[in-house]
Amino acid sequence: MQGEQGPRFDVLGTTRAVVDQAAHVRIDRGRVEEAAARLAREGAVPPPWNRRYHYSGDPDSTAQYVLILDTLNFCFWGEPRWRVAYNGEVLDGYWALAAALTRAIREGTAPLLDARYLARMPREDLEEVLRGEGVIPLLNARWRNLREVGRILADDYGGRFVHVIEEAGGSAVALAALLAARFPSFRDVAVYRGREVHFLKRAQICASDLYGTFEGRGYGAFHDAGRLTAFADYKLPQILREWGILVYDEALAARVDARLPIDAGSEEEVEIRACTVWAVETLRDALADRGVSLTAAELDWVLWERSQGMQARPYHRTRTIFY
């Protein structure tokens, strides 16, 4: 991945190098074909942007919400689960975050759309925004992320995320690169056997979320949205492994199934994420051969939605701000 300006980020190239050397994870091409046939038969339709839990206001405010959402969009796993009550429902995980932010904006709990406020936001205010059952994991890291984003927006972009979007010039790839270059908490880059590996999960998903909420128009009008890759997290590899597409070696499988931590940046963790990116690319090609045309991001949405509530072996557990 390469932005129109600034540093080069190459997600497909750098992750391909990991897949080619991987010692702990592999992609089963036969199972890819089986999954493609099943998805083509059942209908692989990406879900629409969920306006039940996501905030929607004027274009400027909506874009600002998406940035705040994806600044905090990581690491929801753990026991007891963090849950949020919203409009008569009890939500957990990503949907709890989306709804908690919407609730705070609607109720005026905190001026989350004001970059200058975010730059000095008290930790206690974030606790109130995210109030619910239990405590969201990595609360301090989320608080630091928000303050960083607020400070950089206020200092460099007049407090408005739309100025970052405009700088990207209608390119989702350039926007992801800008986020990774200008906002350190979005710079999702690992090192594998001495070489950088680019994932940019939250930076890419931010561009994708803008595309979704604006339905490909206005601030979501990206001419290259199809160049975004899958968003390598912990739910996608779970469903890909359950379908037999990702295969772990015996030692890694045992650690994941025992819910033991996998260190961020370890060979095993980087291989899981890199193979996830390429499993989705391979599955996308297999679907195209069957007449089903999806971008990697759209296929990611299909797989993520199917993973929710799925009875499956555990996902890998890595404490990180990147996914």
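These legends go with close-up views of a pocket and some salt bridges in a predicted model.

Before you start, note that residues are numbered from 1 along each chain as its sequence is written. In this predicted model, local features need pLDDT of at least 70 and side-chain atom pairs count only at pLDDT 80 or more, while totals for chains, interfaces and linings use all residues; side-chain values use heavy atoms, with hydrogens and water left out.

**View 1. The largest pocket holds about 1200 Å³ of space.**
Of its 48 lining residues, the closest to the centre are Tyr94, Trp95, Lys235, Trp304 and Gln308. Two or more lining residues come from each of α4 (93-107), α10 (201-213), α11 (235-242) and α14 (296-307), and α14 gives the most, with 6 residues. (A pocket is an open set of points on a 1 Å grid over the protein atoms alone, where a 1.4 Å probe fits, with protein on both sides within 12 Å along at least five of seven lines; lining residues have an atom within 4 Å of a point. Helices are DSSP runs of H or I, at least four residues, numbered from the N terminus.)

**View 2. Arg31 and Glu34 pair within helix α2 (residues 29-42).**
Their salt bridge (a side-chain nitrogen of Lys or Arg within 4 Å of a carboxyl oxygen of Asp or Glu) has its closest N and O atoms 3.7 Å apart. The two residues sit 3 apart, about one turn of the helix. Arg31 is partly exposed at 35% relative accessibility, and so is Glu34, at 48%. (Partly exposed lies between buried, under 20% relative accessible area, and exposed, over 50%, using a 1.4 Å probe and protein chains only.)

**View 3. Glu42 meets Arg306 in a salt bridge.**
Here the N to O distance is 2.9 Å. This pair links distant parts of the chain, with Glu42 in helix α2 and Arg306 in helix α14, 264 residues apart. Glu42 is partly exposed, with a relative accessible area of 47%; Arg306 is also partly exposed, at 31%.

**View 4. Glu215 forms a salt bridge with Arg51.**
Look for the closest N and O atoms, 3.6 Å apart. Glu215 lies in the loop between α10 and α11 and Arg51 in the loop between α2 and α3 (59-71), so the pair ties together parts that are 164 residues apart in sequence. Salt bridges that share partners join Arg51, Glu215 and Arg217 into one network.

How values were computed:
Points joined across faces, edges and corners; volume = space filled by probe spheres on them.
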